[in-house]
Amino acid sequence: MFRKEIMERYKISYEDHMLGMEDFKFWIRMSKVTNITNLNEVLVQHRITENSETSRIIREQGGVRRQKFAQLQRYSLEQSGFTLKEEEYEFLSDMLREEGIKKDAKGHEMIRLFYIFYDLVCQARQANMDITMVIAEWFRNLYVEKINAMQILDLWGDGDVWNG
């Protein structure tokens with residue numbers, strides 16, 4: 001829930017041509033001008049079926065949608081005051097996809113992702129952001145979940161590091 005006056009004051013509305021990510025862009029924009037939070041209680045379930053509009057867009061325009069998602073990630077980071085190098089934005093958009101961390105991520109990519117997450121948390125601390133701990137916890141949970149899902153022997157490379 002939110003107050004309509006916030007939308008009116010900051011001229012925030014749903015935008016066309018977002019390839020099914022209108023809500024995502026809307027909430028990014030809202031989060032830059034007001035406090036938002038998640039509720040612990042699930043109020044709505046979102047289903048994606050084979051015949052849904054989202055599935056159709058992913059099927060027919062998956063690459064374009066992935067680029068739009070990357071643009072929204074970058075927009076959100078920049079609007080929050082974060083800065084990364086161009087190659088870091090590109091790496092982040094390759095690793096952090098709409099469905100989560102890239103499924104076939106390698107150990108060296110996870111290490112690089114860790115350092116980018118670390119840099120973003122440091123930037124949040126330096127800027128005295130109220131959400132620093134929330135960001136740190138989100139990054140930690142996302143990272144640990146992926147590391148736990150990977151085979152530990154493959155963490156440092158492409159194969160069994162113990163046997164060459």
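Guide: A pocket, on a 1 Å grid over the protein atoms alone, is an open set of points where a 1.4 Å probe fits, with protein on both sides within 12 Å along at least five of seven lines; its lining residues have an atom within 4 Å of a point. This is a predicted model, in which local features need pLDDT of at least 70 and side-chain atom pairs pLDDT 80 or more, while totals for chains, interfaces and linings use all residues. Residues are numbered from 1 along each chain as its sequence is written, and side-chain values use heavy atoms, without hydrogens and water.

Visitor: What volume does the second largest pocket have, and which residues line it?

Guide: Its volume, the space filled by probe spheres set on grid points joined across faces, edges and corners, is about 160 Å³. The lining consists of F114, F117, Y118, V121, A136, F139, R140, Y143 and V144. Helices α5 (107-126) and α6 (132-149) are the elements that each give two or more residues, and α6 gives the most, with 5.

Visitor: What makes up this lining by residue class?

Guide: It divides into 8 nonpolar residues, no polar and 1 charged. Arg counts as charged, along with Asp, Glu and Lys; Ala, Val, Leu, Ile, Met, Phe, Trp, Tyr, Cys and Pro are nonpolar, and the others, Gly among them, polar.

Visitor: Why is α2 called roughly parallel to α3?

Guide: The axes of α2 (residues 22-33) and α3 (residues 53-79) cross at roughly 5° and come within 10 Å. Angles under 35 degrees count as roughly parallel, so α2 is roughly parallel to α3.

Visitor: Which residues of α2 and α3 meet?

Guide: F24, K25, I28, R29 and K32 in α2 meet F69, L72, Y75, S76 and Q79 in α3, contact being heavy atoms within 4.5 Å. These residues comprise 5 nonpolar, 2 polar and 3 charged.

Visitor: Why is the pair K25 and E15 called a salt bridge?

Guide: The closest N and O atoms of K25 and E15 are 3.3 Å apart. The term requires a side-chain nitrogen of Lys or Arg within 4 Å of a carboxyl oxygen of Asp or Glu, so the pair qualifies. K25 lies in helix α2 and E15 in the loop between α1 (4-10) and α2, 10 residues apart. The whole structure has 12 salt bridges.

Conventions
Axes fitted to C-alpha atoms, helices over the stretch in contact; angles between N-to-C directions. Helix = DSSP H or I, 4+ residues; strand = E, 2+ residues; numbered from the N terminus. Parallel < 35°, antiparallel > 145°, perpendicular 65-115°, else oblique.
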